[in-house]
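Reader: I would like a close look at a single part of this model, taken slowly and with the criteria spelled out. Please begin with the chain as a whole and then settle on that one part and its surroundings.

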Amino acid sequence: MKHSLTVRCLCLTLLISAWITMPAYSADVTVGLLAGSNKLGEVEETAYAWAKDNFKTTTLLVDKGGNFKNAGGTTLPPENFAVLWMFYTETNTLPEPFLTDATIKSILDYVEAGGGVFLSALALRYVVELDVEKGGDPRVFGPLGKDPPEIGVVPTADTKNHPVFKGFDTSKPVYLTSMAQVGFTSDFHNFGGTDPEGTILGTKTRGGGAGGGERPFVEYEVGDGIIITLGHHNGVYTDAKSKEGDNLRKLTTNVLNYLGENSAFFAVEPNGKLATTWGALKALAK
């Protein structure tokens, strides 16, 4: 009995030490950038290049067998990454490797075990493929970006203090798009006459007001993990010069950090020791 109490106290000390070293900077969060082929479109390439400059990233080519391979052809388990980011705009359907049973199972197993997944633009609809969302069929449309700069998200009354909005004035719409951009995207407009089953983080802005029907920004709790979607016209990472483009990158930083900090696969290094994961620490405490 005394030995068990000592072990639990030691585990609690480890957890507290690890909590102190939770990521204060994006560079601490490992992100797997998912690709369905070796050739990325302009917008995906720009988005993933930005991520590589700000996070610990690896581009992962997904095959039909549900395998995730780096540029050298080495298969890496998704659990090597705190977050998986799927961003796709090139066609009106997701690449076939993402739609196979093997890949769907791999990603669903990952998030249920405690991983974080960010689904951008057309990838928003992947929540249906994963059978996480059963309310309807997300709309698919284009273009990806629009001008003038009046597209973005309006935080809901319940989500204004959510970590994804850190640093934003949530009393106002958060504008994310200021330029036209070809490409396909998705949202929950006319979604079976109901709201998506997740928590709506933000509705779509329309000319400075709220256009609630599109509901592009949604959070799902899936097993021990989290999925966040960001659809509609909010994916123009090629917009490098405007305030709206800066807002998009800032919001994305917040999303990836939030998912990373809450991921069972976020690697921590308590007291300068070898890295372990939150999942391992939580298991020790049980």
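Author: What follows goes from the whole chain to one hairpin, then to the loops and rings.

The model is a predicted one, in which local features need pLDDT of at least 70 and side-chain atom pairs count only at pLDDT 80 or more, while totals for chains, interfaces and linings use all residues. Residues are numbered from 1 along each chain as its sequence is written, and side-chain values use heavy atoms, with hydrogens and water left out.

The chain has seven helices and 15 strands, where helices (H or I, at least four residues) and strands (E, at least two) are DSSP runs numbered from the N terminus. Of its 286 residues, 51% count as buried, a term that stands for under 20% relative accessible area, with exposed meaning over 50% and partly exposed lying in between (1.4 Å probe, protein chains only). Among contacts between residues at least 6 apart in sequence, 74% join residues at least 24 apart, a contact being heavy atoms within 4.5 Å.

The part to look at closely is the hairpin of β12 and β13. Strand β12 covers residues 217–222, and because five of these six residues are buried, the strand is largely enclosed by the rest of the structure. Its partner β13 (residues 225–230) runs antiparallel to β12 and is joined to it by six bridges; two strands are said to pair if DSSP finds at least two bridges between them. Within this pairing, E219 stands opposite I228 in β13. Two residues lie between the strands of the hairpin, where G223 takes a positive phi near 60°. In a regular strand the side chains alternate between the two faces of the sheet.

In the loop between β13 and α6 (243–261) lies N234, which counts as buried because its relative accessibility is 2%. A polar atom of the N234 side chain lies 3.1 Å from the backbone oxygen of G231. Leaving aside neighbours within four places in sequence, N234 is in contact with L144, I151, G152, V153, L176, T177, P216 and L248.

I151 also gives a reference point for M179, which is 28 residues away from I151 in sequence and 9.9 Å away in space, C-alpha to C-alpha. M179 belongs to the loop between β8 (174–177) and β9 (185–187), and its relative accessibility is 27%, so M179 counts as partly exposed. With neighbours within four places in sequence set aside, the contacts of M179 are G145, K146, D147, V236, T238 and D239.

Turning to the rings, a search of the whole structure finds 10 aromatic pairs; rings of Phe, Tyr and Trp (its six-membered ring) pair if their centres lie within 6.5 Å, and planes under 30 degrees apart count as stacked, over 60 as edge-to-face and the rest as tilted. W50 and F55 form an edge-to-face pair, 6.1 Å centre to centre with 65° between the planes, and both W50 and F55 are buried. W85 and F87 form a stacked pair, 6.0 Å centre to centre with 25° between the planes, and W85 and F87 are likewise buried.

Definitions and conventions: A polar contact is a pair of N or O atoms within 3.5 Å; within protein, one must be able to donate a hydrogen and the other to accept it, and residues adjacent in sequence count only if both atoms are side-chain atoms.
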